[in-house]
Amino acid sequence: MSYRRQRSDLVGPRQKRRNVSEAVRDSYMTTDVHLTSYEVDHSAGENHLAVVSRVKLNTVEDLQSERSNFYDGETNWVSSDSDVDNDGGLETLSTTLLDEKLIFRQTKTISSFREQLASWVVDCQVNQSYVDKLLFILKTISESHLLDLPETCRSLLHTFRKTPLKIVDPGHYHHLGIANGILQMLFKLKIINLSNPTIKLIVNVDGIPIAKSSGSQFWPILGLIVDILNSKPFLIGIYHGHSKPKNANLFLEDFVNEMLQLTESGLVSNGQNLKIALLGFVCDAPARAYISATKSHSGYSSCSKCIEEGDWEEKVVFLNENAPLHSDATFRKREHEDHNTGKTILERLPIDMVQSFPLDYMHLVCLGIMHKLLWAWIRGSLKCRIGLRSVNKISNFLLVISSYIPADFARKPRSLCELARWKATKLRQFLLYTGPVVLKPILPKPLYLHFLLLHTGIKILTHKLLSQQFNDYAKQLLVQNLAVI
């Protein structure tokens, strides 16, 4: 037992290294100890590091309790107790040769800024173009500016800690602002002064489902500046909930209040006074009926342009093309009670409540008539069905010309076998461009002439100049097309 006790009291080289390592580590990790300077003594050899340090200690007893012994690189141990003045405070420790391996075991090697930056690029998989922009910025600034950088991205971008939300049952609404969106768009487009100081806006409101397993959805309010090249939609406000807002007036309240203020006082951009004019709302049929407080598109009195009451022919149809029209005055006076479901807050705006809500061309024509025509040719009644062989010819023709479609079109033609997945852009392309060419040698003449009525009428209405000059002719073509159906 005595032999074992004597052996346990002995301290070997390995234990001494461990004691030194713990002392060095504690000196680096203690908050009262600060390494202020160091230099490499090249004369001591490659495996040694000469450290000149200044240590701040609270008391001399703190230093004595540490008993920090440093290894001189050979076989001797040097105590640092005798090198400290008893007055405490900021004192100078003796220059000591330390084994480089011991230091690097306890403290991570501080790599150069270049190595850290390269490691960050690889670990975070940063795009090389973004790294090039960052390097360009870093080369143009001084070290003093680098010290002023914040620690987080939120501080750098001044991100809001809390987003102001308005309770709109059954969800929440956040209003970003019309003026803010206009100014940001002008800044992005690098527009300093406008030749025409009137900003013309069109607004879109629609619902967007964001989950398939629940009813969670967004209802954004988007704005677009017309008559300005490369202008893109910007966000005015956004609602989130598990169903659409129960009260459309409460949902649109912030938008209406700001729009009234802008139409009265205008907006100042780069010292130029700008007038704000609201042209109208571009929405699909359900959203248009929702924000204007009118009957849904499936109702008998749902037509937003005329007072005609629909007839039921397996669906609600409006056959009288000469019916009396709605007007802004009759809308505001509620002269046709079956058409209105309530009073909308949009009536406070200086707009025409009928003309400011144009018909939805995408759903009515592209996803509506054109889509139904194609299905009628494929699976319709015998008087308009064209047969499988003709369908395959049309599909092959579309696939052949797909390689010749220019980049101006967002999508290329696809086979009729995938008609159920055709988007509105494909249907519009077929109606206005590829359809007349593809269908002519394949489709029977009566069906082809019927298609050309729709093609020519919509082609005129989608042209800015032709729609004004040949508007009545386009109406005659569309009426004749619908009469045949």
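How many salt bridges does a search of the whole structure find? In this predicted model, the search finds seven.

Lys166 takes part in a network of salt bridges with Glu253 and Asp254. The side chains of Lys166 and Glu253 meet at 2.9 Å, N to O. Lys166 belongs to strand 7 (residues 166-168) and Glu253 to helix 10 (residues 248-265), so this pair ties together parts that are 87 residues apart in sequence. In the salt bridge between Asp254 and Lys166, the closest N and O atoms are 3.6 Å apart. Because Asp254 lies in helix 10 and Lys166 in strand 7, this contact ties together parts that are 88 residues apart in sequence.

Arg414 is partly exposed at 30% relative accessibility, and Glu418 is partly exposed at 24%.

Strand pairing was examined around strand 14 (residues 272-281). Strand 9 (residues 198-205) runs parallel to strand 14 and is joined to it by six bridges. Within this pairing, Ile202 has Gly280 of strand 14 as its bridge partner. Strand 13 (residues 267-269) runs antiparallel to strand 14, and three bridges join the two. Here Val268 stands opposite Asn273 of strand 14. Strands 13 and 14 form a hairpin with two residues between the strands, in which Asn270 takes a positive phi near 55 degrees.

Technical notes. Residues numbered from 1 in each chain as written. Predicted model: local features only at pLDDT ≥ 70, side-chain atom pairs only at ≥ 80, totals over all residues. Heavy atoms only, no water. Pairing = 2+ DSSP bridges. Helix = DSSP H or I, 4+ residues; strand = E, 2+ residues; numbered from the N terminus. Salt bridge = Lys/Arg side-chain N within 4 Å of Asp/Glu carboxyl O. Buried < 20%, exposed > 50% of the residue type's maximum accessible area, 1.4 Å probe, protein only.
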